[in-house]
Amino acid sequence: MSAQEVVFGFGAHSTIDEGPALMRKVQRADRDGLDIFSLSDHPYIGARLDAYATIGFLLGRTDRIAGFANVTNLPTRPAPMLARAVTTLSALSGGRVVLGMGAGGLWDRIADMGVPRLAPADAVDAFEEAIVLVRKLSGGGEPVTHEGRHYRVTEIEPAPVDAPPVWTGSVGRRSLAATGRVADGWIPGHAADWLSERYRTSRPVIDEAAAAAGRDPAAVRTVFNLPGRITDRPLAATRDGDGRWIGGSAGQWVEELTGAVLEHGASGFILFSPKGGTQDEVSLGRWAGEVVPAVREAVAKERG
């Protein structure tokens, strides 16, 4: 995926008993031309499907759609093992995986899994180091010895497969700067969109850190987790009192997302249900069949 390519997908927070319905939706999204599906990663919730087991299973039942954990609960998935998981998924699926990364948000629950609690600054340092180590353990080459603050490996052979793109869910300033230095994409936290104060104040931190590291800031794409309804008729107001996008008709979605791409640099949209779960199949069908093709056409026309 190039940074300029706009990607479209949908996200889910599926429980074990919702597995068959999730598979049906992902297979339909694959047929309908969506680019990616995402699953949340909360291993301390017993009723939830495990993100990586589910992604592997679904990639094996589809042909072109990519999968990713939005975002990986890094403290519970050590970087060397995560490197093995994502390079294996990439090899078996023909590159249809993205590595979503987070420093860890719900530390009370993470600690309940027996993981040592990290201070916020240490968690961000471990997050950046993990991204670097995953890349070291990918792409072939000589055995890797890494003596970091949080990870140590000795003479470990890298997988002969490139690391997938890395998208982060960074929120704090230190984490945003790490994204600028080492990541390929950013998912604004708390479902912030392109008109939000969070986006306006956070994206420059990423860009400045990328430039300081000798990177092109445009190489770090912005992908929005986007809750909202697709309605039969236009809504009088498509944003709530706080300015957050709530949805509208297919035409209103097309106008809004096209503007987000052309005027605000958006390069990806992951549709979620406004209720926090998976969108119903009717809405997913309208997303894939009406909204996404029209946005792609409008963007391609404007870009010539």
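**Figure 1. The salt bridge between Glu 128 and Arg 181.** In this predicted model, Glu 128 and Arg 181 form a salt bridge in which the closest N and O atoms are 2.8 Å apart. Glu 128 belongs to helix H5 (residues 120-136) and Arg 181 to helix H6 (residues 173-182), so the pair ties together parts that are 53 residues apart in sequence. Glu 128 has a relative accessibility of 17% and counts as buried, whereas Arg 181, at 36%, counts as partly exposed.

**Figure 2. The surroundings of Arg 181.** Arg 181 is placed in helix H6. Which residues does Arg 181 touch, not counting those up to four places away in sequence? They are Glu 128, Arg 174, Ala 209, Ala 213 and Arg 215. One of these, Glu 128, is the salt-bridge partner of Arg 181. Ala 212 lies 31 residues from Arg 181 in sequence, and the C-alpha atoms of Arg 181 and Ala 212 are 8.0 Å apart in space.

**Figure 3. The salt bridge between Asp 50 and Arg 77.** The side chains of Asp 50 and Arg 77 meet in a salt bridge with an N to O distance of 2.8 Å. Asp 50 is found in the loop between E2 and H2, and Arg 77 in the loop between strand E4 (72-73) and helix H3 (79-93), so this pair ties together parts that are 27 residues apart in sequence. Is Arg 77 buried or exposed? With 17% relative accessibility, Arg 77 counts as buried. Asp 50 has 33% relative accessibility and counts as partly exposed.

**Figure 4. The salt bridge between Arg 64 and Asp 35.** Side chains of opposite charge can pair when their charged atoms come close. Here the side chains of Arg 64 and Asp 35 meet in a salt bridge, at 3.8 Å from N to O. Arg 64 sits in the loop between helix H2 (51-59) and strand E3 (66-69), while Asp 35 sits in the loop between helix H1 (19-32) and strand E2 (36-39), so the pair ties together parts that are 29 residues apart in sequence. The relative accessible area of Asp 35 is 11%, and this residue is buried. Arg 64 counts as partly exposed, at 43% relative accessibility.

**Figure 5. The chain that holds these sites.** The chain contains nine helices and 13 strands. Its C-alpha trace spans about 60 × 45 × 40 Å along the principal axes. A compact globule of 304 residues would have a radius of gyration near 19 Å, and the 19 Å of this chain agrees with that. Of the 304 residues, 51% count as buried. The accessible surface comes to about 13,600 Å², and 52% of that surface belongs to carbon and sulfur atoms. Among contacts between residues at least 6 apart in sequence, 69% join residues at least 24 apart.

**Figure 6. Charged side chains in the chain.** The chain carries 33 positive and 37 negative side chains. How far apart do the centres of the two sets lie? The distance between these centres is 2 Å. The count of salt bridges comes to 20, and the pair of Glu 128 and Arg 181 is one of them.

Key:
Residues are numbered from 1 along each chain as its sequence is written. This is a predicted model: local features need pLDDT of at least 70, side-chain atom pairs count only at pLDDT 80 or more; totals for chains, interfaces and linings use all residues. Side-chain values use heavy atoms; hydrogens and water are left out. Helices (H or I, at least four residues) and strands (E, at least two) are DSSP runs, numbered from the N terminus. The radius of gyration is taken over C-alpha atoms; the globule rule is 2.2 Å times the number of residues to the power 0.38. Buried means under 20% relative accessible area, exposed over 50%, partly exposed in between (1.4 Å probe, protein chains only). Contact means heavy atoms within 4.5 Å. Accessible areas come from the Shrake-Rupley method with a 1.4 Å probe; for residues, only the protein chains shown count as cover. Lys and Arg count as positive and Asp and Glu as negative; His and the chain ends are not counted. The place of a charge is taken as NZ of Lys, CZ of Arg, CG of Asp or CD of Glu. A salt bridge is a side-chain nitrogen of Lys or Arg within 4 Å of a carboxyl oxygen of Asp or Glu.
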